[in-house]
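Open the model in your viewer and keep the selection tool ready. Each stop below says what to pick next and what is there.

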Amino acid sequence: MSFNSPSLSRRTLLRMASAAAALGVFNPSGARTEDALRPVDPKDRKLLFILGAWGGASIIDSFMPVAEGEVGDFFASLGLNVFPDAQLVRPAQTSFRVPGQLGAYGIFAKPSFTIEQFATKHGRDIAVVAHDVSSVNHSVAQQRSLNGAGINRGRTLMEAMALRYGGGMVLPNCNMASDGYVRHGADPSVPVEARHELVTSPRLFALGTHGSRGIPGALSAAQIGAARAARDALEQRSLFGRTFADDARRARYLSNRAGVTAKLEEASVVDKLMLVDPASVDPRYGVRIDPLTEVVRKALPDLDTDHQQAQVALAFLLAHHGISTSVTFGFTQDAFVTKAGVVGAPIAFDFSHNSHRQAQSVMWARTLGLLDVLIDLLKTHDYMGDPALGKMWDRSLVYVATEFGRDKARPALSDSWGTGHDLNNGSLLISPLLRGNAVYGGVDPRTCLTYGFDPDTGKPVPGTVMNESDVYGIIAHALDLDSPSTRRYPGVVRG
Amino acid sequence: MRTSSAPLTMLMLLCACGSEGSPAGAFGPGGAQPDAATGMPPGDPDGDPAGPGAPSIARSTRSSLQWKRYATFEADVSAALDLAPDALCREFGEEPCVRGVHLGPLGGHDVRTGLLESPAEPLITTPTVVERVVLSACLARVDKERSAPSQVFAGLDLAAPAPPPGSDATNALVTSLTRRFFARDPSTDELEHLGGLARGADASAEAGAAFALKVCLALGSSSEFLFF
């Protein structure tokens with residue numbers, strides 16, 4: 001065919017070739033065909049909840065503590081982060097030991113919820129995984145806690161979840177966390193639909209899913225529809241629209257607006273996710289609240305002022321209503337103060353730099369208190385409100401992601417000291433999909449350093465070093481994610 | 001980033017061919033001259049959504065439109081509607097939309113909350129949030145007209161029924177808002193489409209305020225306003 005053929009002009013060929021080249025370099029959807037989101041039957045979906053424990057949640061200050069008497073050298077024990085023997089408790093019917101509450105909390109309010117309470121209640125589903133990490137930089141380590149240090153093509157766990165289960169969901173992957181916990185993965189082939197939707201304000205996020213609800217004096221739905229129709233027609237016909245018809249960013253924006261926005265409004269997502277108490281808002285704003293949200297507000301009575309409670313509330317609703325398959329939330333660097341005192345440390349777990357033991361105790365109590373409410377909600381509600389789909393908890397996994405551990409040493413005889421970042425730590429996973437009520441790995445009482453385990457049997461193996469990719473692999477195995485580079489962990493995962 | 005070598009090779013070959021030497025060579029075989037009336041390239045043989053009579057437009061083949069993020073978006077809406085930035089939109093009358101509730105979807109960042117970097121791309125909820133902010137701002141402008149009339153709506157009587165589409169008054173409103181949002185005059189097509197919003201679905205006249213709001217929303221939430 002000649003370039004001057006009337007049926008295939010040179011201009012047409014140029015345009016086709018350039019479009020094909022552009023697709024090869026930068027696919028508007030950013031995905032290979034085989035990586036596009038495919039719908040999954042709700043009965044087969046899984047749910048992942050990640051709490052970003054900002055600042056370094058130390059596992060030897062929670063689920064793998066060392067008793068003074070175990071060190072084997074009294075003088076050495078004085079300089080290690082160990083607990084008096086009498087301070088460690090073994091929650092009923094669990095294989096864990098956890099620290100009891102401290103005698104004094106300094107500037108902090110004494111926590112009203114304890115590690116022991118959490119372990120007693122949820123112990124059968126708790127799996128503690130000892131491992132090292134590869135960075136002591138907050139942001140880098142946060143990212144690696146979610147992407148397994150790049151083990152799965154650089155994809156975060158949340159992106160892998162969205163790719164596996166998010167097809168057909170309007171917001172498969174939502175993220176309310178901060179810093180490195182809100183970084184996308186490094187794989188450019190992940191379609192934008194699988195990347196996380198950032199949530200700045202969980203309490204009012206619902207309003208961002210509707211173009212006019214809650215705006216008093218707004219046009220009627222018909223009038224807004226007419227304005228949109230005129231706008232959309234002109235998008236195609238205007239000089240700007242015709243010139244940039246092939247711009248990928250604009251095309252994606254228009255596609256989202258035409259598709260997802262309509263779905264969000266038609267499904268009344270704004271009502272399902274509205275967390276505000278209608279009684280506290282002027283009736284002219286037309287706030288309506290889903291009956292389920294009333295239940296959530298009772299379970300999290302401070303969500304109007306407690307940012308993390310609002311996050312937990314939204315996370316539950318996003319999952320329950322089948323809007324998201326993965327929700328990430330977590331602490332910021334702000335302190336949280338109530339009438340009782342400081343209940344959330346400034347800079348979260350990183351306040352360990354100033355006051356290690358108190359900060360760890362307060363923040364673990366806060367972390368587990370929040371998760372206790374979430375897990376209770378998951379255990380008592382059917383997925384998408386359908387009894388045939390079973391309780392949400394049956395298909396859920398909660399991962400307490402954190403950057404790193406803390407120094408194992410302390411100034412001799414100190415009850416209050418500061419610690420730096422340490423590569424050695426462990427992670428907390430909670431799920432009925434795991435062989436729970438177990439600690440995978442161990443801790444050397446002479447050094448307080450944790451060590452790993454045999455992935456096939458789950459038995460501790462002194463001297464073994466696991467890392468972020470193992471945590472990623474365990475979660476990928478439990479949730480059946482596409483992660484070809486990670487191994488299986490039959491010693492940790494059920495089934 | 002993956003590349004596909006075959007289309008690129010074909011593209012390079014096609015660019016190398018057809019070296020008629022005319023700067024308009026890319027616009028058609030033999031380097032056809034641009035349309036004398038519009039300065040635009042001659043008719044597009046593949047059709048044009050603006051209709052067969054519309055001047056042909058060369059599509060940008062290497063475009064990289066940028067997304068107008070929160071601060072610029074806020075400033076531009078504020079300038080377009082002669083409103084202070086903090087008067088544009090507050091959820092429930094209290095929480096600032098742009099720099100608070102919807103900061104992420106509008107491409108913002110805030111070191112205090114740990115949102116250290118602005119999102120690279122518009123989010124899924126960005127289009128909805130843009131509409132909310134624009135609608136709120138347009139409503140704020142309408143409200144302000146009652147106490148301090150301005151020329152934002154070209155003197156349209158917001159309390160009276162909207163004039164008929166195509167009238168001087170409706171054209172003036174469309175022109176005023178197009179200039180304010182796009183810094184250009186509306187095309188004939190745009191005057192017709194947007195002027196038609198003066199009528200409701202049942203062909204009855206909208207209230208002047210509703211007409212102004214519809215045009216304001218249509219223009220302020222368009223991609224031409226949000227991308228550059």
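Start with the second largest cavity, at about 90 Å³. This is a predicted model.

**Stop 1: the second largest cavity**

From chain A, select Arg231(A), Leu234(A), Glu235(A) and Ser238(A), which are part of its lining.

Helix 6 of chain A gives the most, with 3 residues.

**Stop 2: the largest cavity**

How many cavities of 30 Å³ or more does the structure hold? There are 5. Move to the largest cavity, which has about 120 Å³ of space.

Its lining has 15 residues. Select Pro99(A), Gly100(A), Tyr105(A), Ile115(A) and Ser361(A), the lining residues nearest the centre of the largest cavity. Then show helix 12 (residues 352-380) of chain A. With 4 residues, helix 12 of chain A gives the most to this lining.

Colour by class again. The lining of the largest cavity splits into 8 nonpolar, 5 polar and 2 charged residues.

**Stop 3: strand 7 of chain A**

Select residues 326-330 of chain A, which form strand 7. Is this strand enclosed or open to the outside? Of its 5 residues, 5 are buried, so strand 7 of chain A is largely enclosed by the rest of the structure.

Show the side chains and look along the strand. Ser326(A), Thr328(A) and Gly330(A) point one way. Val327(A) and Phe329(A) point the other way. Residues on both sides are buried. In a regular strand, side chains alternate between the two faces of the sheet.

**Stop 4: the partners of strand 7**

Strand 1 runs parallel to strand 7 of chain A, and 5 bridges join the two. To see how they line up, pick Leu51(A) and Phe329(A), which stand opposite each other.

Finish with strand 5 (residues 173-175) of chain A. Strand 5 also pairs with strand 7 of chain A in the parallel sense, over 3 bridges. Here the pair to pick is Asn173(A) and Ser326(A), which stand opposite each other.

Terms used:
Residues are numbered from 1 along each chain as its sequence is written. Chains are lettered from A and ligands numbered from 1 in the order in which they are written. This is a predicted model: local features need pLDDT of at least 70, side-chain atom pairs count only at pLDDT 80 or more; totals for chains, interfaces and linings use all residues. Side-chain values use heavy atoms; hydrogens and water are left out. On a 1 Å grid over the protein atoms alone, a cavity is a set of points where a 1.4 Å probe fits but cannot get out, and a pocket is an open set with protein on both sides within 12 Å along at least five of seven lines; lining residues have an atom within 4 Å of a point. Grid points are joined across faces, edges and corners, and a volume is the space filled by probe spheres set on the points. Ala, Val, Leu, Ile, Met, Phe, Trp, Tyr, Cys and Pro count as nonpolar, Asp, Glu, Lys and Arg as charged, and the others, Gly among them, as polar. Buried means under 20% relative accessible area, exposed over 50%, partly exposed in between (1.4 Å probe, protein chains only). Two strands pair if DSSP finds at least two bridges between them.
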